[in-house]
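Thanks for coming, everyone. Please have the sequence and the model open while I talk.

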Protein chains: 8
Amino acid sequence: KRQGFPEIIYGEGKSPEQITAIIEAIKSQDNDVLATRIAKEKASVICEQHPELIYYDVPEILSWKQKPARVNESDGYIAVVCAGTSDLKVAEEVAVTAELLGRKVRRFYDVGVAGIHRLLDNAEEIQNATVSVVIAGMEGALPSVVGGLVAHPVIAVPTSVGYGANFQGLSALLAMLNSCASGISVVNIDNGFGGAYNAVLIDQLANKA
Amino acid sequence: KRQGFPEIIYGEGKSPEQITAIIEAIKSQDNDVLATRIAKEKASVICEQHPELIYYDVPEILSWKQKPARVNESDGYIAVVCAGTSDLKVAEEVAVTAELLGRKVRRFYDVGVAGIHRLLDNAEEIQNATVSVVIAGMEGALPSVVGGLVAHPVIAVPTSVGYGANFQGLSALLAMLNSCASGISVVNIDNGFGGAYNAVLIDQLANKA
Amino acid sequence: KRQGFPEIIYGEGKSPEQITAIIEAIKSQDNDVLATRIAKEKASVICEQHPELIYYDVPEILSWKQKPARVNESDGYIAVVCAGTSDLKVAEEVAVTAELLGRKVRRFYDVGVAGIHRLLDNAEEIQNATVSVVIAGMEGALPSVVGGLVAHPVIAVPTSVGYGANFQGLSALLAMLNSCASGISVVNIDNGFGGAYNAVLIDQLANKA
Amino acid sequence: KRQGFPEIIYGEGKSPEQITAIIEAIKSQDNDVLATRIAKEKASVICEQHPELIYYDVPEILSWKQKPARVNESDGYIAVVCAGTSDLKVAEEVAVTAELLGRKVRRFYDVGVAGIHRLLDNAEEIQNATVSVVIAGMEGALPSVVGGLVAHPVIAVPTSVGYGANFQGLSALLAMLNSCASGISVVNIDNGFGGAYNAVLIDQLANKA
Amino acid sequence: KRQGFPEIIYGEGKSPEQITAIIEAIKSQDNDVLATRIAKEKASVICEQHPELIYYDVPEILSWKQKPARVNESDGYIAVVCAGTSDLKVAEEVAVTAELLGRKVRRFYDVGVAGIHRLLDNAEEIQNATVSVVIAGMEGALPSVVGGLVAHPVIAVPTSVGYGANFQGLSALLAMLNSCASGISVVNIDNGFGGAYNAVLIDQLANKA
Amino acid sequence: KRQGFPEIIYGEGKSPEQITAIIEAIKSQDNDVLATRIAKEKASVICEQHPELIYYDVPEILSWKQKPARVNESDGYIAVVCAGTSDLKVAEEVAVTAELLGRKVRRFYDVGVAGIHRLLDNAEEIQNATVSVVIAGMEGALPSVVGGLVAHPVIAVPTSVGYGANFQGLSALLAMLNSCASGISVVNIDNGFGGAYNAVLIDQLANKA
Amino acid sequence: KRQGFPEIIYGEGKSPEQITAIIEAIKSQDNDVLATRIAKEKASVICEQHPELIYYDVPEILSWKQKPARVNESDGYIAVVCAGTSDLKVAEEVAVTAELLGRKVRRFYDVGVAGIHRLLDNAEEIQNATVSVVIAGMEGALPSVVGGLVAHPVIAVPTSVGYGANFQGLSALLAMLNSCASGISVVNIDNGFGGAYNAVLIDQLANKA
Amino acid sequence: KRQGFPEIIYGEGKSPEQITAIIEAIKSQDNDVLATRIAKEKASVICEQHPELIYYDVPEILSWKQKPARVNESDGYIAVVCAGTSDLKVAEEVAVTAELLGRKVRRFYDVGVAGIHRLLDNAEEIQNATVSVVIAGMEGALPSVVGGLVAHPVIAVPTSVGYGANFQGLSALLAMLNSCASGISVVNIDNGFGGAYNAVLIDQLANKA
Ligand SMILES: Nc1ncnc2c1ncn2[C@@H]1O[C@H](COP(=O)(O)O)[C@@H](O)[C@H]1O
Ligand SMILES: Nc1ncnc2c1ncn2[C@@H]1O[C@H](COP(=O)(O)O)[C@@H](O)[C@H]1O
Ligand SMILES: Nc1ncnc2c1ncn2[C@@H]1O[C@H](COP(=O)(O)O)[C@@H](O)[C@H]1O
Ligand SMILES: Nc1ncnc2c1ncn2[C@@H]1O[C@H](COP(=O)(O)O)[C@@H](O)[C@H]1O
Ligand SMILES: [Mg+2]
Ligand SMILES: [Mg+2]
Ligand SMILES: [Mg+2]
Ligand SMILES: [Mg+2]
Ligand SMILES: [Mg+2]
Ligand SMILES: [Mg+2]
Ligand SMILES: [Mg+2]
Ligand SMILES: [Mg+2]
């Protein structure tokens, strides 16, 4: 089990047959299954043979767990923060991944910088998280504002949402790397899985002690 | 007088002698003088011969007016908004240019996105302006937040302040062009003069009627 | 109503069902509807259920107003300026948005820089506008020439029209940001909505006083 | 105290006088001083008046603490990992910052990817850290290899060390954002302070419980 | 025969008819056929008329040889090294091309940098090759690690595998050009043929003497 | 004599000694001397030994001709067109080079796009040229306007004049490559010599027949 | 007639109906028709109604001339030079456009830099042209070699042929702008029409005198 | 001794004291010294203490060998090929490094693509080399032409020589990566050492057998 978790499948560029084979190998060793970037059509091909798999269609995640993740009630939680519907796919990739990896998650999904009061209304609950994952496309400003409000680590996930001078997420990526707030680190454009994984590692460290 | 103002001198790449000659030509026609991008050393050479000129050393502006700008007390004002000392040079290029062009200006110079409450404390006074000029380097997030708070036009001025993945102001420029807030338009990196000029045109339109 | 206008729907990346739901929510609160970036196919799905909506097929805008916009006859107008058929889609996004937001618009649609006399023939009528929105792809030169002719603010909208070293609108965007004319500010590539919105804010300021 | 620490001064672009003033303000409130990016010449001007300040000349850090950081002996440590002398300046910015912020640090400074065995010889001690900060210029490959070896979070700091197609650190930055190892997040090019700050937040979380 | 080999066909952008014509011209002069970048559909059209051609479907290569390549048993071999399934298409373009050009090849296809021990387990066999061709996408770190392990020339082939800040292979390309290991040279993104060709030239030189 | 002209020296990156040696070799073969990019300091070192050389200090050209260029009075002329003082250095590199190569030149040096009427006042004289060389920095719009006015070939020379999103001349270069006017071709940024050379070739063809 | 020629239609982004309408307008004024970038499918729709139009399917040009272009036998010719089949589409856009505009053309279509002797075999005939248009993708080296061989103007046309670090023609474009040979100017990527148009203007000047 | 050679010192960014220390450590172990990128001033400081070192001032290399490299007379040679004086520094870094590493070198230093006949005059002697290292700035076309002439491996070294759209060597780098000739691989911009090192490895393989 790589880094404490069973192998995680990255579905992009793999055929349903290849993915099915990997899933079967994992299950044959009594491991749980977590596969990201599984487009809807691929998922339905795979699920025909493996109806026990659960498909999360917003984040395009396919998973199967022997027993539900035992969440430790006294543990902290991961705040997943974004501005609205356009970034939902990536935000849900973060949230569902973190949950499947056994962490508690709270979603803050309508708190963009252009309507700062909705964010402030949620400030306290975000501040109480162990770690935040902040997802933003376009100008990528949200992690800076959240970073200024909280005293815990912020993982920033730029998305490719936007057009024109957005250059497929470059604008958000550069903005996040240049944040004037401290305590922010960045993963690749649209890399919701990576954002979740980092947050899970931190949340585990904070709660294991 | 182009666009209602006397000619404005752009000092970059001109010698003190060239600038002095242009200033003398302007004055000989009973016009006022406004010159930007006049480095301190150049300014002192020029001022030796023309001690009547006033030098603003933060924005590196050199000016002379026959009579002080008559500000109409009932007019609105331009809000000049930035995060702190690093962007001061450009912010003052905006503020001083606008003032010399005869407009009222209010400065909001310590209201960065990483400390959102200082901005909110000033929200009402910024909202009451006719137009805002928002200056920001690094992640360039401030115009989006201001744009969400105000109902008037916002002119965003990216600065080259930053390092690394800032790419000489590219990160702030792209962020501002991709703002999720409506009512924001953008000028060139470090172009404080341009930000002021656009705001002055709008402020005049709003107050002439 | 954000910034004096009802919510404006951005259709890109939303399904007909999602858009229909938002439209119904808006109408149920007795508000007017304005939705941009609604591809023809989406529009016909939506209009089946809501035949009262009007579809503008060049700019791909969908709208419904309880009563026609009351245009104040004594008000000024917004000049919408472009070079020809290739930029028409974006130019009409500007013009129709501004009209639906209640402003007077005059269109100047065949006045490219390579045939400067057609532009000069229209110079006076453009000069008399309150504000111009200038749309251009390829070398993006038109805002500079218009900016030199008029004394009012110019909003420049680069388009992605072109090929090769155009890099999806980058050439026009950079040209506009570097304009040697004063009084020009820039919005994102293909952002006709943004161009209109800025112009409307300015035109309202100029006419409300 | 922002985020649990006293204000941290960023010295780039500030004059010795400005920095001295800020330092005095901090000290007058009985706070500790931490200032990064203080070039040697600036530091000696400042230290003439404030000989109590300690200057770290490799990382160009200036600091003063009322009492030495109390390191909790049972706490974990931060691994600071790099390939060699060229990245030393940034690596020391990480290490000294983290130490001044009260954390234990272990340095692994000669473990580049082109001599993989030196890295493997240190693998266990790096694995036992709470969190690693991995600094690399040129091809930026080291975080991927470290990330594969450890099960804790890795903060990757690209440096501008290199020439030609390195493009001032772009090659290392892109490599790190695209790492095939999980659990890696990235800060700005040459941002040793940011790398340290993130690691300190995580190390505190892991040890506070 | 260009450079000792018969003409090699580059199939991209050529119609099945054009390719068939070139193949027939080559065969009519008693030469062997080697064509790369022949998509599956094209290949089946061509093979209908020329069932004697062999199609390698992973690397999309089409070939025909009068007699099998005589491999000299005492010769050295080319190591073809990559991290896993995503780079397989390019790796096989390298391996199959080299074999068809008459060289011995050993494949090392699961030895990525994030699991360094699998690479080390194969170190000796890679070191014993005459030359290595190392294929990698994403952060492109593998050639640096291999280059540090071996004393022979390494040809690095970046692939476009990845997303976001990968920019279609740019991240891997830049990483490889900036490798801190000596003895590495680089070919174009996805240019498996070029990687093979260079390796074949070197392997021939090493074995002809 | 390469292409009908004696060798032309490119001074950048050559020492005064190297340049002197080349000049002496050229003169020893009874050829004329033309050297571009000779900074003032270099020129004075060279001229100490060769006081017969003429130095043009705006374009930084050094030259010596056995007899003055015989200009054929009935020949056409090259129009050299630019917007103002900032582009003067490159414009004079064009004009002086063309004159030294024996062609007639007319200068139009204050005809920028932001003041279109000055250009139109000169339109007829520009139209009567055989070929135009149009120099522009910033938004690089001038060649498009000139190209629309004239029926002869236009050589466009982008300059690096500007700042911010100008990216050292990239904005002007891209604009010129994307010109909507026909009959425009482009040389490298700041390449006044290249602009002149192309114009001279065309002017010779037009006048030799 | 702009610039001595009837209007030339640019077909990209226009519907068959729009193109047909423009063609009919042109013909109704007794003008000849020249339309570029007319994809095969569009052309067949248009030709159903206008079977008199001639379609050139390699360059995708549609044309109709009242009487064949009268080529003046004593005139010079334009050399159209490229490396092979990949650049044929653009090369034929050059050649056919120039012929339809009434000039003589000689094609040199298999003379790439990697087989320099084929180019040298044709050197004399290329040298005897009035002007050359050199088309190249990938490394874009051909114009430099041709420019060194001929004493007449060379118009360089970069193409988007290639992959990977070719970046859609950027590599060829940059190479051509940086050519070490004199007498080369460049048009946009894939702009065969522009290459032809410039050459025609020059060829007319050279032959009219 | 890594890869058969003693450690090679990279002088950039190291102080004379640091370099001296490394040199003394190397000599104390009876090894030979090879240091590249040692600017003239640094070299003279170092040579004061170590007058036995030999300084090559064109390539800025510092070296000391116990006994002269024994060149095997029957061995092949490395061809070092470039266009002229501007690329000399890098070409000599290649040639001197290769010689100090014990290989035979032939220099071909005036064979640029714009004067193809000088290259052809040397073709046979270049063809007879074991391997070529081809250095070029600006359009970077030379490796393609050489690659077409020879049947052995070509190592291409782009240089940063040029200006404007050269972008510090990017144009030459991209050109070389996109070469249409087979058998070419590329190292970093200005990396003469890397070019030499690869060639030496190949030349050793070819001659050891
Ligand atoms: N700081 C500035 N940045 C950009 N443009 C400026 C600035 N200051 C003045 N300008 C513009 O430059 C013009 C004067 O340019 P010039 O004639 O070269 O001195 C003015 O009319 C303004 O449009
Ligand atoms: N064509 C457009 N381009 C850019 N922004 C738009 C456009 N149309 C609407 N918007 C903005 O998008 C917002 C709505 O976004 P959403 O909530 O995603 O529908 C509106 O309030 C506008 O600010
Ligand atoms: N293939 C082409 N590439 C670039 N420009 C072209 C091409 N064909 C025609 N043009 C130009 O486009 C103009 C017509 O554009 P339009 O009015 O949009 O049809 C012509 O006058 C030419 O200048
Ligand atoms: N001019 C050069 N360019 C690039 N790499 C070099 C150069 N000279 C030496 N090197 C490499 O740098 C390594 C030494 O780096 P360092 O330990 O920093 O001195 C050597 O082993 C070579 O691989
Ligand atoms: Mg914080
Ligand atoms: Mg607003
Ligand atoms: Mg104006
Ligand atoms: Mg790990
Ligand atoms: Mg090695
Ligand atoms: Mg014209
Ligand atoms: Mg020539
Ligand atoms: Mg070859």
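**Strands, helices and interfaces**

In chain D, strand β3 (residues 54-56) pairs with β4(D) in the antiparallel sense, over three bridges. Two strands count as paired if DSSP finds at least two bridges between them. Strands are DSSP runs of E with at least two residues, helices are runs of H or I with at least four, and both are numbered from the N terminus.

A word on the basis. This is a predicted model, where local features need pLDDT of at least 70 and side-chain atom pairs count only at pLDDT 80 or more, while totals for chains, interfaces and linings use all residues. Residues are numbered from 1 along each chain as its sequence is written, chains are lettered from A and ligands numbered from 1 in the order in which they are written, and side-chain values use heavy atoms, with hydrogens and water left out.

Back to chain D. I54(D) has S63(D) as its bridge partner in β4(D). β3(D) and β4(D) make a hairpin with four residues between them. In that turn, E60(D) has a positive phi of about 55 degrees. β4 (residues 61-64) of chain D also runs antiparallel to β2 (residues 33-36) of chain D, joined by three bridges. There, L34(D) is partnered with S63(D).

Now chain F. What is the strand order of the open sheet in chain F? It is β1-β2-β4-β3, four strands with mixed pairing. In general, strands of a sheet pair through backbone hydrogen bonds, either parallel or antiparallel. β1 (9-10) and β3 (54-56) of chain F are the edge strands, each pairing on one side only. β2 (residues 33-36) and β4 (residues 61-64) of chain F run antiparallel, with three bridges. L34(F) finds its bridge partner in S63(F). Helix α3 (residues 88-100) of chain F lies across β2, β3 and β4 of that chain, at about 10 degrees to β4(F).

Next, two helices in chain H. The axes of α3 (residues 88-100) and α8 (residues 192-208) of chain H come within 8 Å and cross at roughly 40 degrees. Axes are lines fitted to C-alpha atoms, for helices over the stretch in contact, and angles run from 0 to 180 degrees between N-to-C directions. From α3(H), the contact uses V90(H), E93(H), V94(H), T97(H) and A98(H). From α8(H) come G192(H), F193(H), A196(H) and V200(H). Contact means heavy atoms within 4.5 Å.

On to the interfaces. Chain B puts 26 residues in contact with 26 residues of chain C. About 2,300 Å² is buried between chains B and C, and carbon and sulfur atoms give 60% of it. Buried area is the accessible area, with a 1.4 Å probe, that two parts lose on being put together, summed over both. Chain C also meets chain F, with 25 residues touching 25. Chains C and F bury about 2,000 Å², 72% of it on carbon and sulfur atoms. Chains B and E do not touch, and their nearest C-alpha atoms are 12 Å apart.

Last, charges. How many salt bridges does the structure hold over all chains? The count is 88. A salt bridge here is a side-chain nitrogen of Lys or Arg within 4 Å of a carboxyl oxygen of Asp or Glu. One is E93(A) with R37(A), the closest N and O atoms being 3.4 Å apart. E93(A) lies in helix α3 (residues 88-100) of chain A and R37(A) in the loop between β2 (33-36) and α2 (40-49), so the pair ties together parts 56 residues apart in sequence. Across the B and C interface, the rule finds zero salt bridges.
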